[in-house]
Amino acid sequence: MKKAWLYSAVLCTSLVSGCGFTDTPNELMRAPLADGDQKSINQAVMQFLPPGSQLTVPLHPNEASAVSLQDLTGDGTPEVVAFFKSEKTDYEIGVLVLSQNQGNWVKLTSFTGIGSELDYVTFEDLNGDHLPEMLIGLGAGEDLNKELSVYSIAGGQVQELIKQPYSVMAVGDLTGNGLSDLALVLHDHNNLTSKAELYGAKDGKLTKLTEVPLEGGINGYEQAVIGKASATHKGLFVEAGLGAHSASTELLLWDNGTLRNPLARIDGEMDLTFKPYSLYSEDINGDGIIEIGVSTQPPGTDDLSMAEIPWISSYFQWDGKTGLKPIEEHYQNYLMGYDFRIPAKWVGKYTLSSSAQDPNSILTRFYYYVDNGKTKAELLTLQTVPVQEWAKFENVLKQKQVPYILLKEAGKQVLVAIQPQVTPNLGKSAKQEYKSLLLTPDEIRQHYKPLSMTM
C-alpha cells in the first residue's frame, strides 16, 4: 500500500546527526490540502509534540517525510504520523500518531526508539491484512548498522511485529504475490559475514521467508532496491563496496522459496558486475526494468591514473540467463551536474577526454576512435564556463563563428556544447562514417540531461 498523502521537506536548513530539523510542518507539505486542513494539522502536530522537540526528516527513501497522513486503522479516516527528536538527547527518536475524533485531532499514541538518526520510514502492508504497517529504521551514525522496527496499530495500541538489524534495506513485491516484501541486508564488520533476509506475508503474519549468505569480506553494502530485473522477473539489486577502488552488484531472484544470484561469479572467471567505483542500479532508460551500472574505461586511456580516467557509465540488463546485455552508455559528470547519453551509433567507435581549465571549468571532448586510435577525430566538446565569464566566452565563439548549443545556464556554471568547425583529414570510408556520427543540435539537446550537483 502506497502513501495516501505525503508531506516532505524541501531543504533542511540545519542538520543534526544527519537528520533535518524544522520547527513547524508548514514547509513539509508536498500534497496540497485545503487551507483549513493544513492549518488544523499544523496546529495539532505542534500541540502534541513534547516540549523541546522538533520534527525530523527521514534520510531514506528520498520521498519520505516528517509528517504523513496514513489510514493505519482501516476506518477510512487517515491518521497523522509525525517524527520528532528532542533537543535534550541525541539518542532518541519519537513517533507521534494523531487521529480524528468528532472533527478534532487527538493523540492516538506516542512512542520512542533508540537511535541518533531517523534512517528509513515507509508505510507498507507486509502481513496481508490490507492495512499499512509502519517501517521505522533508526541508526547511530555512519558505518554502523541500523535497526528496523515494523509496527502495527490495533485498538489504539502499538504492536512491534519485528525488530531486526540491517545495513541496507528495500521494500517491494519480490515474490510476485501482489504484496510488499521486506529485504534486509546485514554486514557484520567484525566477523566479515553478510546475509540477505526476506520477510513477507505467510498465513496472515509477517514471517521470515528465507535468507542467503552474501560476501562478507567487503567494505560494506551501500544500497538495495527491489524492481523488475526483466519483463517477467522481479529482483533485489544490492550494491556492495568491495574496497577503495572496487564495487559490485548482487542480483537476487526469488526462486522456489529461496533467493539465488543468476550472475554469481564462477571460480576463475571475472565478476560480471565488478566496477572500479560504485555505480548504482537504476532504470536508466525508463522501460520499467532496472539496469546494473558498471563503470568502464574509454579506449586509449590506459596511461591515465584511476582519478584521471573519464569513466563511462555503462548500463546492462540481466539477459534472463547467466549474463548481461548492454542497454546504454552515459558520461556522467556529477561535479559539473550533467549527464550525456552516448548516441547508440557512437558505441564501439568513440572515446573521450576530460580536463580542467580551472576548478570551475571542465572541458570534455568526444572523439571518433577506431583502429586502436589510428583514426581519431573530434565529434563534440562539452565545456562548462563560470557564469560570470560566459558573456565574454560567448562573444569569442560568435566572433570565430564556432557552432555551439547552450545546454544549461542555471547555477554557477554555463554548459555549452561546441560542434566541430571543419571536417578532419580522413580516408574516404572513415570520413563517411565520421560524418554519419556527427549530431544535430536537436540530437545534442536530446542526449543531455541535468544531474544533481555534488558541490
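The structure is a predicted model, in which local features need pLDDT of at least 70, side-chain atom pairs count only at pLDDT 80 or more, and totals for chains, interfaces and linings use all residues. Residues are numbered from 1 along each chain as its sequence is written, and side-chain values use heavy atoms, with hydrogens and water left out.

**Overall make-up**

- The protein contains four helices and 30 strands, taken as DSSP runs numbered from the N terminus (helices H or I, at least four residues; strands E, at least two).
- Its C-alpha trace spans about 80 × 55 × 40 Å along the principal axes.
- Of its 455 residues, 49% are buried, meaning under 20% relative accessible area, whereas exposed means over 50% (1.4 Å probe, protein chains only).
- Among contacts (heavy atoms within 4.5 Å) with a separation of 6 or more, 48% join residues 24 or more positions apart.

**Helix α2**

- Helix α2 covers residues 390–399, and its residues Trp-390, Glu-394 and Leu-397 are buried.
- These residues lie on the same side of α2 because they cover an arc of only 55° around the axis, judged by the directions from the helix axis to the C-beta atoms.
- An α-helix has 3.6 residues a turn, so residues three or four places apart point the same way.
- The face turned away from the buried side of α2 carries the exposed residues Ala-391, Lys-392 and Gln-399.
- Cover for the buried residues of α2 includes β27 (375–386), β28 (404–408) and β29 (413–418).
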